[in-house]
Amino acid sequence: MANCLKFFIIFLLTCTLGVATHAQNNTLQNGSIIITLITKDTIWIGADSRTSSLTDKGYTTNELGMCKIHYTNNVVYAMSGHVRYTDNSFNFLEIMDGCVRSENNFDAAINLFKQKATSKIESILKKFSTKSIKQLIKQNNGAFLSVVALTFVNNEKQIHEMRFSIEATGRNKWKVNYREKTDNDEGSLRFMGHATQASLYVKENPLFFGNGMDIPGKIIELIKIESAKGSTTVGMPADVISVYNNGFKRTICSGLCP
């Protein structure tokens, strides 16, 4: 990166419906649990590998899982949801990669991504049928894309959480909404995606991460809790990565990642 500013960026495009091969037939991808935990000098990221399709008949689990945490040079990213269209007519991975490479400032890169992503989502809506868009709004309250970006600047953690959603503004008219939140407090635990059971378990066991030992194993345990009882949207295997000021490390591997 320019000026030796190293970005360790985690995209968590979760809790959204993903693009399927036949969006016009109401076949939309869905799924994922993403867990982030901030400790004194490390940010821990865990993600499952399951994807499922949402149709008019409900959820069905896809046979093959997928890697959801990736990295390129000094950039680490985990994603699901509306990441890219099957013909690559849009690809949010490429958009963020271009934003980070073109800017030498973290905030500037995030602001550029916000502008480009909003514009791209508006164009994407023109590809979907009215029925598909209405279903997306109904099933996930319009959630389209969720992003958490993390970076270390001058040894300090900086975090941006971005959520893009769509809503109807009239007959066959849609608007893209954007919300952003920052949080880098030590001890902060976040769940994104399908995490009802996992978050409930932590509430009932507030000392779950108590002594700070075996954090990767505990993150995996929470993912297993969420994937229990035949979940169609969350499933093993999973990945856990630790991100720190000078790099990152895969501490638990699903076997699905490069």
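This is a predicted model: local features need pLDDT of at least 70, side-chain atom pairs count only at pLDDT 80 or more; totals for chains, interfaces and linings use all residues.
Asp-48 sits in the loop between β5 and β6, while Lys-68 sits in the loop between β7 and β8, so the pair ties together parts that are 20 residues apart in sequence. Asp-48 is likewise buried, with a relative accessible area of 0%.

How many salt bridges are there by this rule? The count comes to six, and I will mention a few others. Glu-161 forms one with Arg-190, where the closest N and O atoms are 3.2 Å apart. This pair links distant parts of the chain, since Glu-161 belongs to strand β11 and Arg-190 to strand β13, 29 residues apart. Both Glu-161 and Arg-190 are buried, and together with Arg-163 they are linked in a network of salt bridges. Another salt bridge joins Lys-175 to Glu-167, again with the closest N and O atoms 3.2 Å apart; here, however, Lys-175 is partly exposed at 38% relative accessibility, and Glu-167 is partly exposed at 31%.

Now to a lysine without such a partner. Lys-218, in helix α5, which spans residues 215-227, is buried yet has no salt bridge, and the nearest side chain of opposite charge, that of Asp-214, is 7.0 Å away. What does the side chain of Lys-218 reach instead? It reaches the backbone oxygen of Phe-208, at 2.9 Å. Leaving aside residues up to four places away in sequence, Lys-218 touches Phe-208, Phe-209, Gly-210, Asn-211 and Met-213.

Finally, the strand β13 that carries Arg-190 brings us to an open sheet of five strands, in the order β13-β4-β5-β14-β15, with antiparallel pairing. β13 and β15 stand at the edges with a single partner strand each, so one side of each is left without a neighbour in the sheet. On average, and ignoring direction, neighbouring strands of this sheet are turned by 20 degrees against each other.

Conventions:
Residues are numbered from 1 along each chain as its sequence is written. Side-chain values use heavy atoms; hydrogens and water are left out. Two strands pair if DSSP finds at least two bridges between them. Helices (H or I, at least four residues) and strands (E, at least two) are DSSP runs, numbered from the N terminus. Axes are lines fitted to C-alpha atoms, for helices over the stretch in contact, and angles run from 0 to 180 degrees between N-to-C directions. Buried means under 20% relative accessible area, exposed over 50%, partly exposed in between (1.4 Å probe, protein chains only). Lys and Arg count as positive and Asp and Glu as negative; His and the chain ends are not counted. A salt bridge is a side-chain nitrogen of Lys or Arg within 4 Å of a carboxyl oxygen of Asp or Glu. A polar contact is a pair of N or O atoms within 3.5 Å; within protein, one must be able to donate a hydrogen and the other to accept it, and residues adjacent in sequence count only if both atoms are side-chain atoms. Contact means heavy atoms within 4.5 Å.
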